[in-house]
Amino acid sequence: MEGTIPDLEFLIELKRMYKFYIFLDEAHSIGALGNNGRGICEITNVNTKEIDILMGTFTKSFGAYGGYIAGSSELINFIRFKGCFAKHSEMMSPVVAKHSLSCLKEIIEDKSRIRNLSKNVKYMRRKLKKARFIVLGNQQSPVIPILIINPGKIAEFSRLCKAKGLAVVVVGFPATSILYSRARICVSSSHTKEELDDAIKIIDSVGTILGMKY
């Protein structure tokens, strides 16, 4: 929700001591973080074999639908035979599977996409913080939450931004705690500096109107 990156090395040390499982949610990091887009394990230099369950989605970086669970063959077989999804939902279509594989190949082969995304993320975060917004999450995360705080301002923030030509996603209770209402900005590698500046200008203006700056 906030684009946070855990201290995986520390968690693995604790895991060895206390014998628990690590479930790593890569929904917003796979295809976006690391030199090859391999996510949190890549940027923290952790071997994926140290993670018991890896989860990700194809709806973000890949622009498709569905997702994946990766783990030991014992775990995957258990999920296949016992999981409700295998009995009560449809499998991914061949077209979408091929689309996701093609996107993965493009991300791996064209490193400029990852570099552009990283540059855009850092620029957007820096500008929003300079404008005195409370920005959550890790500096590298392409998910950029801006705190609205007051639940009564959630809908108005969205309406005012839309009226100025910017569509934003807003999130509030019960998806967040009452005082952690936020707008979630997702930056793309294809965004130009001019587009980011236009978005920042609108957010800055609306933030001033609603008294969101601190």
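Student: Hi! Which domains is the chain divided into?

Tutor: Domain 1 covers 8-109 and domain 2 covers 112-210; the bounds come from an automatic or database domain assignment. This is a predicted model, where local features need pLDDT of at least 70 and side-chain atom pairs count only at pLDDT 80 or more, while totals for chains, interfaces and linings use all residues. Residues are numbered from 1 along each chain as its sequence is written, and side-chain values use heavy atoms, with hydrogens and water left out.

Student: Thanks. What separates the centres of domain 1 and domain 2?

Tutor: Taken over C-alpha atoms, the centres are 26 Å apart. Domain 1 puts 10 residues into the contact and domain 2 puts in 8, where contact means heavy atoms within 4.5 Å.

Student: And how much area do domain 1 and domain 2 bury between them?

Tutor: About 680 Å², with 66% of it on carbon and sulfur atoms. Buried area here is the accessible area (1.4 Å probe) that two parts lose on being put together, summed over both.

Student: How many salt bridges does the rule find across the interface?

Tutor: The rule finds 1, counting a side-chain nitrogen of Lys or Arg within 4 Å of a carboxyl oxygen of Asp or Glu. Glu106 pairs with Arg113, and their closest N and O atoms are 3.3 Å apart.

Student: Buried or exposed, or in between: where does Arg113 fall?

Tutor: Arg113 is partly exposed, at 37% relative accessible area, and Glu106 is partly exposed too, at 35%. On this scale buried is under 20%, exposed is over 50% and partly exposed is in between (1.4 Å probe, protein chains only).

Student: How many salt bridges does the count come to by this rule?

Tutor: The count comes to 7. One of them links Lys193 and Asp197, with the closest N and O atoms 3.1 Å apart.

Student: Changing topic: how many aromatic pairs does the structure hold?

Tutor: It holds 2; rings of Phe, Tyr and Trp (its six-membered ring) pair if their centres lie within 6.5 Å, and planes under 30 degrees apart count as stacked, over 60 as edge-to-face and the rest as tilted. Phe58 and Phe62 are edge-to-face, 5.3 Å centre to centre with 85 degrees between the planes. Phe58 and Tyr68 are tilted, at 5.7 Å and 45 degrees.

Student: Is Phe58 buried or exposed?

Tutor: Phe58 is buried, at 15% relative accessible area, and Phe62 counts as buried at 4%.
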